[in-house]
Amino acid sequence: MVQWKGGVGKSTLAVHIAVALGAVLIDLEPWGGATAWWGGTHANELWQAPGPAPVLRALERGKAPRPRQGASGRPQLVPSHEQLLALTDGVAGGVAAWAWSPEGLPTLMVPTSAGPRPLSEALRVAIRAWADEWGTHVVVDTPAGFGPLADGGIAAADVVVLPVTPDQWSVPALRKFMRAYGPRIRHGLVIPNRVRSRAEDDAWAEVMTSEGVIEPPFVLGPPIQESEVLHSTRRPLTAGPSPGKARATALEQIAAAAQRALELSEE
Ligand SMILES: Nc1ncnc2c1ncn2[C@@H]1O[C@H](COP(=O)(O)OP(=O)(O)O)[C@@H](O)[C@H]1O
Ligand SMILES: [Mg+2]
């Protein structure tokens with residue numbers, strides 16, 4: 001799940017797509033949006049657990065982290081951790097260090113079982129190895145913006161899922177992303193999210209489907225409607241008693257998006 005723009009539904013959809021696929025969810029968002037949602041009132045016990053962060057510990061050991069088992073409609077989770085903040089604030093806080101790359105660029109290095117590696121490269125290799133070790137699909141939630149956490153997730157992915165809200169802020173960010181990353185990714189699935197039945201949203205839908213906007217390796221996926229239940233729920237829609245109509249509709253739309261991602265990953 002990637003988008004430079006925040007607030008487009010990456011974390012919301014990551015949790016639900018992970019459930020739909022029976023996947024392990026890796027939360028790379030430093031403030032842990034998906035982890036907060038997953039853990040509810042206990043989320044901070046995960047986020048502020050004694051370090052190192054599960055992801056960083058696993059990189060250092062060269063072994064997959066043990067996912068938390070998700071009770072009642074939650075996916076298995078490798079939680080975020082407050083130490084991940086140090087990887088985005090430029091300080092690195094003793095869990096990583098800056099070094100000059102051979103191209104002369106400052107690069108964030110982390111300890112791995114094979115020695116210090118650039119963070120994004122370490123994640124690229126490790127996430128694929130962990131998926132093999134777990135024998136499951138993996139969904140990675142990433143922070144908005146540009147940085148080594150998102151870059152590592154992008155490089156590891158069979159399919160980069162890009163939620164996009166139909167508005168003047170989200171669509172341009174998507175277009176720039178497609179341009180920058182097109183040559184480097186296997187498949188990109190653009191998911192219009194928070195779509196309302198309004199003329200304005202129809203106009204954006206027209207933009208997205210017009211020629212030359214979404215081109216290979218990106219494809220346009222099924223949309224997900226603006227959903228009051230999805231917005232207001234305090235836990236995944238898959239948790240709790242059997243769903244009513246509004247919840248079932250949102251879950252069906254998310255399942256369709258998950259299915260499309262799965263098909264692309266197998267191409
Ligand atoms: N389909 C949707 N319908 C209604 N609200 C949504 C939908 N998808 C996401 N949201 C809401 O949008 C906000 C941002 O979602 P979030 O998943 O945190 O975005 P991101 O991870 O991209 O920053 C949240 O308040 C969430 O409840
Ligand atoms: Mg998020």
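**View 1. Strands E3, E4 and E5 form an open sheet of three strands in this predicted model.** The strand order is E3-E4-E5, and the pairing is antiparallel. Strand E3 (97-100) and strand E5 (115-118) are the edge strands, each pairing on one side only. From one strand to the next, the twist averages 50 degrees.

**View 2. Strands E4 and E5 pair side by side in the antiparallel sense.** Strand E4 covers residues 106-112, and its pairing with E5 runs over four bridges. At one position, Thr112 stands opposite Gly115 of E5. Helix H5, made up of residues 119-134, packs on the sheet and touches both E4 and E5. The direction of H5 makes about 100 degrees with that of E5.

**View 3. Strand E1 pairs with strand E2 and with strand E6.** Strands of a sheet pair through backbone hydrogen bonds, either parallel or antiparallel. Between E1 and E2 (residues 76-78) the sense is parallel, with three bridges. Here Leu25 is found opposite Leu77 of E2. The pairing of E1 with E6 (residues 138-141) is also parallel, and this one has four bridges. Val140 in E6 is the bridge partner of Ile26.

**View 4. The side chains of strand E1 point two ways.** In a regular strand the side chains alternate between the two faces of the sheet. Within E1, which spans residues 24-27, Val24 and Ile26 point one way. Leu25 and Asp27 point the other way. All four of these residues, Asp27 included, are buried.

Notes. Residues numbered from 1 in each chain as written. Chains lettered and ligands numbered in written order. Predicted model: local features only at pLDDT ≥ 70, side-chain atom pairs only at ≥ 80, totals over all residues. Buried ≥ 20, exposed ≤ 12 C-beta atoms within 10 Å, placed from the backbone. Helix = DSSP H or I, 4+ residues; strand = E, 2+ residues; numbered from the N terminus. Pairing = 2+ DSSP bridges. Axes fitted to C-alpha atoms, helices over the stretch in contact; angles between N-to-C directions. Contact = placed C-beta atoms within 7 Å.
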